[in-house]
Amino acid sequence: MIYFDKVSKIYPDNSVALENVTFTISPKEFVSVVGHSGAGKTTLVKMLLAEDKPSEGSVFYGSQNVQTLSKKELNELRRKIGVVFQDYRLLPYKNIYENIAFSMEAAGRTDEEIEADVPHVLDLVNLGNKIWNFPHELSGGEKQRAAIARAIVNQPEVVVADEPTGNLDPVNTYEIVQILKKINDLGTTVILTTHNKGVIDSLGKRVITMENGRIVRDDKSGRYVL
Amino acid sequence: MAFFSTNTRRIVKTGFFNFWRNGFVSLSSIVVMIVTLSVIGGLVFLSAILNSTLTEIKNKVDINVYFVTSAGEDQILSLKKTIEGLPEVAEVTYTSREEALVEFRQTHANDEVTLQALDELGDNPLGATLNIRAKDPSQYEGIAKFLTNRTSLSAGSSSVIDKINYFQNKTAIDRLSRIIDSANRLGLVVILVLAIISVIITFNTIRLAIFISRDEISVMRLVGAEQSYIRGPFVVAGLMYGAVAAIITLILFFPATYWLGGATQNFFIGLNVFSYYLKNFGQFFLILVGSGALIGAVSSIFAARKYLKV
């Protein structure tokens, strides 16, 4: 489903972010990408979303080369991928309902769908009671759950979570990982980048380990080894 | 179609929200636009004043052809016909010797001495005249030349033309032509420069408004919103800046032109800007609302482009 073919990314100042990275992700897989800060995890995510172009190699989504898509096709691709960030990126002056409705509106969904789906998806991440609150009234874990709700509300094929637990305490981290597992169980491919050893060890899923822009391990049922 | 109208409604709604939410930025955009539109409106007034003044002066310029007293009426009328045939000529008025005498008596009605002297003469000492008006001041030269050529041609036999007063006015007319010309050119340059400056300032203000919304734009891009959907609300807000600024400017013009009305009427020949404004309000409305909306929308489109790069 997702295929990185010998992808390298070298920035103009000659710093190497990715070097000859090749791997495949199958549908409904749960893949963790681990590594120290600067190992190339976030660059990997950017390549997949076509936010940045590789210097060499290609990224494929299905049969499409992501880098050769037209703007319209790229928009369609992005609607198939839900993204969660470490810093949540909720819009501060919209309440939780509006934040999620906003992404559905942008994807061109109808008002009826929005009214039906938003409460439903918030129940799924246990935020049903905070639907009318604003982001600043929520804890870090709650904000991240709202961000996950926003990422999955358009029923994407893939959810990419880039360091979603980076700012959270162990209890909230655990909850977020459980939600991601639940999403994966419902049939969505999940790509999780993290440097949290506990998270990886508790998952028992595939782990890609990166170091200095290269893949150093790719274990079917991996543990955090660095 | 249903998808399209839903999208349009959302774009308009979001545009309104952006407008209200970024109150201070909206306010500053509007203030800048008011200045821009006042400049544009002011230029409309200026060109109206200039044009009406010039028309007034133009109408005061003419050529008088004085005929000798012995000239026969049929000769004069045939010359009048020839002159009327010239493409540059707007109007030719014939004043016969008798009419000239009546006019003379009227102007000197209270001047007994002159009237007595006139009566002493017994005969009518006044010649007939042709008053010629050209369509454009620059054409007087050609008409005058035509008349002198004619006079010199018939000089051998018996010239009926006594004198042509154009050559006395020539220097004044020349200067006027030059003033009209350079005033038009200068006006055009001033309009262009001011319009460009105003557009740049407006553009930057709107860019600030969009910069504030960059997080929102990045989230929209990540969920795969169409470019037009992202840009739409900013264009709507830009249109609103323009429309609101135009309406405020239109309202401000009422006291401004009222206050200036008397002064302009005295200074420039006969044009009262207040009554001109009232008479042409529809035109002002269209120009100001139109250019306000255009500047707002175009500035928004260009300013949003920077944040829409994929």
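Predicted model: local features only at pLDDT ≥ 70, side-chain atom pairs only at ≥ 80, totals over all residues.
Let me start with chain A as a whole. Chain A has 226 residues, of which 45% are buried, and its secondary structure consists of 7 helices and 10 strands. If we take the contacts in chain A between residues at least 6 apart in sequence, 66% of them join residues that are at least 24 apart.

Now to the sheet in chain A. Six of the strands of chain A form an open sheet in the order β6-β7-β8-β3-β9-β10, and the pairing within this sheet is mixed. The strands at its edges are β6 and β10 of chain A, the latter covering residues 214–219, and each of these pairs on one side only. From one strand to the next, the twist averages 15 degrees.

What does mixed pairing look like in practice? Strand β7 of chain A, residues 158–162, and strand β8 of chain A, residues 189–194, pair in the parallel sense over 5 bridges, and here A:V160 stands opposite A:I191 in β8 of chain A. Helix α5 of chain A, residues 140–152, packs on the sheet, where it touches β6 and β7 of chain A, and its direction makes about 170 degrees with that of β6. By contrast, strand β9 of chain A, residues 206–211, pairs with β10 of chain A in the antiparallel sense, over 5 bridges, and the bridge partner of A:M210 in β10 is A:I215. These two strands, β9 and β10 of chain A, form a hairpin with 2 residues between them, and in the turn A:N212 has a positive phi of about 50 degrees.

In chain B, 4 strands form an open sheet in the order β2-β3-β1-β4, with antiparallel pairing. Its edge strands are β2, residues 89–95, and β4 of chain B, each of which pairs on one side only, and neighbouring strands are turned by 20 degrees against each other on average, if direction is ignored. Helix α3 of chain B, residues 73–85, packs on this sheet and touches β1, β2 and β3 of chain B, while its direction makes about 170 degrees with that of β2.

In soluble globular proteins, nonpolar side chains tend to be buried together. The largest nonpolar core here has 108 residues, and those touching the most other members are A:L48, A:I100, A:A149, A:V159 and A:V160. Helix α9 of chain B, residues 227–267, gives this core its largest share, 12 residues. Apart from this core lies another, of 15 residues, which includes B:F67, B:I132, B:Y140 and B:I161. Returning to A:L48, its contacts, leaving aside neighbours within four places in sequence, are A:I2, A:V59, A:V66 and A:V160.

Finally, the meeting of the two chains. In all, 17 residues of chain A are in contact with 17 residues of chain B. Which helix supplies the largest share of the side of chain A that touches chain B? That helix is α2 of chain A, with 6 residues, and by class the side as a whole has 6 nonpolar, 5 polar and 6 charged residues. Helix α2 of chain A, residues 71–80, has A:N75, A:L77, A:R78 and A:R79 as its buried residues, and these pack against β4 and β6 of chain A together with α8 of chain B, residues 214–222.

How values were computed. Residues numbered from 1 in each chain as written. Chains lettered and ligands numbered in written order. Buried ≥ 20, exposed ≤ 12 C-beta atoms within 10 Å, placed from the backbone. Contact = placed C-beta atoms within 7 Å. Core = buried A, V, L, I, M, F, W, Y, C linked by C-beta atoms within 7 Å. Nonpolar A, V, L, I, M, F, W, Y, C, P; charged D, E, K, R; others polar. Pairing = 2+ DSSP bridges. Axes fitted to C-alpha atoms, helices over the stretch in contact; angles between N-to-C directions.
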